[in-house]
Amino acid sequence: MNVTKLRWTVLTASFLILTFGGLIGIYLGDFLPTFACAFVGGEKVGGICFLYPMQAALESAKWQEYKSILVTFFFFSLLIIVFGRVWCGWICPLGFIQDFLDLIRRKLHIDYIRFPQKLREGLKSIKWIFLFIALLIPLWVAFPFFAPDVARDMRMPFCSLCPARYILPMVSGDYLRVGIDFKSATSITMSALGIIFSALTIFGALLKRRFFCSYCPMVLFISFYKKIGFVRLKKNIQKCTRCEICYNVCPMEIEDVFKEREKEDVTFADCIMCLKCVESCPEDDALQATFLGKTIFRSTWTGFFKGTLNR
Amino acid sequence: MDATKYHKNYQQLSPDIKQESTRQKRKEHFARGVARSVETVLAGLEGNPDLPKGLNYFINVMRDVFINSPGPNFLEAGADSRKIVGTYCMMIPEELIYAAGAIPVRLSGGSYEASCIGDELVPRDTCPVVKASIGFISLNFPSVYERCDVVIVPTTCDSKRKMGEELSKFKDVWMIEVPHIKETEGSRTRWLEQIYALKENLEKYTGRKIRRKNLDVSIKMIGQVWYQARRFYELRRLSPSVIFGQEAALVLNAYSYDTASSWTEALAELNNELAELCKKGCFIGNNDTPRILLAGSPSVFPNWKIPSLIEEMGAMIATEESCLGDRYFYDPVGTTEQTMKDMMAGLGSRYLMPCICPSFAPNEDRLYRLLQIAEDFEIDGIIYHVLKGCIIYDFELIRVEKIMKERGIAVLRIETDYNPEDVEQIRTRVEAFIEVLKVKKKKRGE
Ligand code: SF4
Ligand code: SF4
Ligand code: SF4
């Protein structure tokens, strides 16, 4: 089994477990660094994204809750340190949906879109904005020192915007949760934005590989642990011919992997550890994925040809 | 799109080819000269009593191209009426040419006789590759040249660039602008635009649209070329070697004048034969035979001056970095989707980014690559070939010498052209260099 197939298997399995696991009694906890959406519903969900308890706790304005979220945060961090970006490329249910849409695109032979460098740089701020929304607005909800009416309807602010909040319940067969919340002007705005983001994510992912991941606050969170993560991508500078293949195949369009000429470590901020670059690199050992320094997957020229000649 | 310029035919401006009879006589004389040189090289190769059987195919390709008329099979009208497109250097995606229903031939010239003809057409200090390339085109000989109406010239070094202009006196020339700084997004986008423009030009020229399916098929077909070439590379890494360097170079050079499918088939067979020889332990030379990397300006067939000299002196050319040899074949096209855009991007990348032609600057990539080659092939010494007038390779010698010195690999610079006059003089220097390597190697072995 090659890496692509293995990844598809794991990704599909985790999608099923995280969205339907509850039905067979699986529940992994609410500290997952991945978009396993709580709104899928208590009876179905097999694990919950950390952003959910985090916002809920921050909003509560209770000392008790703040302490308990620290414990959750500890487990969340541990999971990131051990698996890092593997959460994105191999586990995330929203990642699965996007890859599935990408598969449809490929089957229909529709070209993918690439954003120019400048635009990509410009859009980078979006994930920061999302993260601030998830961190700061709940505090405002907890301590509404101005506009308390608006604050009250701003509960779970990131969730209202998150595409997973609408897309995952929908694919799990729950259409009732997908709609505009008419309670107040604030809730209408937030849920409308959320639906727009969801629609954008679906169309985006059909035309651009892993469209949403470039704006995902979780990827940003994960990248904070870059220096201490166990899983990393390494490059042998001399063996790399700078053929640019790893850039062409990268769903996150990371250029630095092929451009790097100094550092051995090529785990960059946006990487989702899909290992497509390692699989498609035609040079023996030019790229390697390592776990705690031990190689778990390496590029080989024979592997390259097996992949491309039978594509 | 304007990216590829289309020159009109300026044949009437061409000097001294006005008179048909003198032209004919000249051509015949030229043909005899080329045939003689080619035969000498080929006979030399055939002199090896242990010549791998698979090599005969490639020797015959060269005989068909340069000596026998009417030339190779694919040129015969009727047998295959596909158009022939000539290319220079190594940046032209042949996948596109095949997908458009034409056949690419790589026309860089290596003949002394042709370079003499070219002498009259370009400035004195031009390199012999360009002189010979123009020489061949101006006389429209051998038949490959006659059959191709259009040639594609990338703007690599100064001489090749200006050559494009001169060639337009004889053929339609499409120029393709190669960015000399490859890394920036701007130059890569610009390059990709040119690849698209080339696609359009080819479609117009052959009248066949390059569709997604054709391109996919031709990328897969040429994928087999890269695959067999890589197998060949890996087989030659073994020390001691299973095949002489000049024989390997001939195999790779022959690709220029052959169709991809037949060449690949023949190489697959040769690879199997070599793998068999490895298994049986039939190696050439022994552990003390110095392994040479022939670097620098390309030795283009039939200019076998330096390659044959090195191996006559008892060293082994483990590999050469020439753009008609290992450099051209080393990097595969990597596309994982069958969408048009992905395939075009894959081609754009393959023919620009990993190319380490010294016409690029900065060109550190070549230094890394040479280090890797030295490691892959357990190189003992480098013979650095500088063709007179080829300034860019000479420039990079300084850097190559420095990094190789750090690794204890000796470098010998040889400056020459296609003229056989200085062979004896070079022989003495090469011989001395190889003797030193032999002594060094023996000592290390003990
Ligand atoms: S970046 Fe993509 S895969 Fe990773 S958590 Fe976000 S949506 Fe999921
Ligand atoms: S695919 Fe491999 S050899 Fe090519 S640029 Fe990337 S790391 Fe380097
Ligand atoms: S750098 Fe490699 S592992 Fe990371 S996202 Fe790109 S292709 Fe996947």
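Trainee: Which elements of chain B each supply at least two residues of the lining of the largest cavity?

Mentor: The structure is a predicted model, in which local features need pLDDT of at least 70 and side-chain atom pairs count only at pLDDT 80 or more, while totals for chains, interfaces and linings use all residues; side-chain values use heavy atoms, without hydrogens and water. Residues are numbered from 1 along each chain as its sequence is written, and chains are lettered from A and ligands numbered from 1 in the order in which they are written. A cavity is a set of points on a 1 Å grid over the protein atoms alone where a 1.4 Å probe fits but cannot get out, and its lining residues have an atom within 4 Å of a point. With helices (DSSP H or I, at least four residues) and strands (E, at least two) numbered from the N terminus, the elements are β7 (316-320), α13 (326-330) and α15 (364-376) of chain B.

Trainee: How are the residues of the lining of the largest cavity divided into nonpolar, polar and charged?

Mentor: The largest cavity holds about 150 Å³ of space, a volume being the space filled by probe spheres set on points joined across faces, edges and corners. It is lined by 19 residues, and the closest to its centre are R327(B), Y330(B), I356(B), R369(B) and I373(B). Ala, Val, Leu, Ile, Met, Phe, Trp, Tyr, Cys and Pro count as nonpolar, Asp, Glu, Lys and Arg as charged, and the others, Gly among them, as polar. The lining divides into 7 nonpolar, 3 polar and 9 charged.

Trainee: What is the volume of the largest pocket?

Mentor: A pocket is an open set of grid points with protein on both sides within 12 Å along at least five of seven lines. The largest pocket is lined by 35 residues, and N2(A), T4(A), R106(A), E279(A) and T336(B) lie nearest its centre; α1 (3-20), α5, α15 (276-280), β3 (294-298) and α16 (301-309) of chain A give two or more residues to this lining. The lining comprises 9 nonpolar, 12 polar and 14 charged residues. The volume of this pocket is about 950 Å³.

Trainee: How are α8(B) and α14(B) placed relative to each other?

Mentor: Axes are lines fitted to C-alpha atoms, for helices over the stretch in contact, and angles run from 0 to 180 degrees between N-to-C directions. The axes of α8 (185-206) and α14 (340-352) of chain B come within 10 Å and cross at roughly 115 degrees. Angles under 35 degrees count as roughly parallel, over 145 as roughly antiparallel, 65 to 115 as roughly perpendicular and the rest as oblique. The two helices α8(B) and α14(B) are therefore roughly perpendicular.

Trainee: How many nonpolar, polar and charged residues does the contact of α8(B) with α14(B) have?

Mentor: Contact means heavy atoms within 4.5 Å. R188(B), W191(B), L192(B), I195(B), Y196(B) and K199(B) in α8(B) meet M340(B), K341(B), M344(B), A345(B), G348(B), Y351(B) and L352(B) in α14(B). By class, this contact has 9 nonpolar, 1 polar and 3 charged residues.

Trainee: Where is P362(B) placed?

Mentor: The peptide bond from A361(B) to P362(B) is cis, with omega near -5 degrees. The place of P362(B) is the loop between α14 and α15 of chain B.

Trainee: Is the crossing of α2(A) and α3(A) left-handed or right-handed?

Mentor: A61(A), not a glycine, has a positive phi of about 60 degrees and lies in the loop between α2 (51-60) and α3 (63-83) of chain A. The axes of α2(A) and α3(A) are 8 Å apart at an angle of about 155 degrees, and these helices are therefore roughly antiparallel. A crossing is left-handed if the near helix is turned anticlockwise from the far one by less than a right angle, and right-handed if clockwise. The crossing of α2(A) and α3(A) is left-handed.
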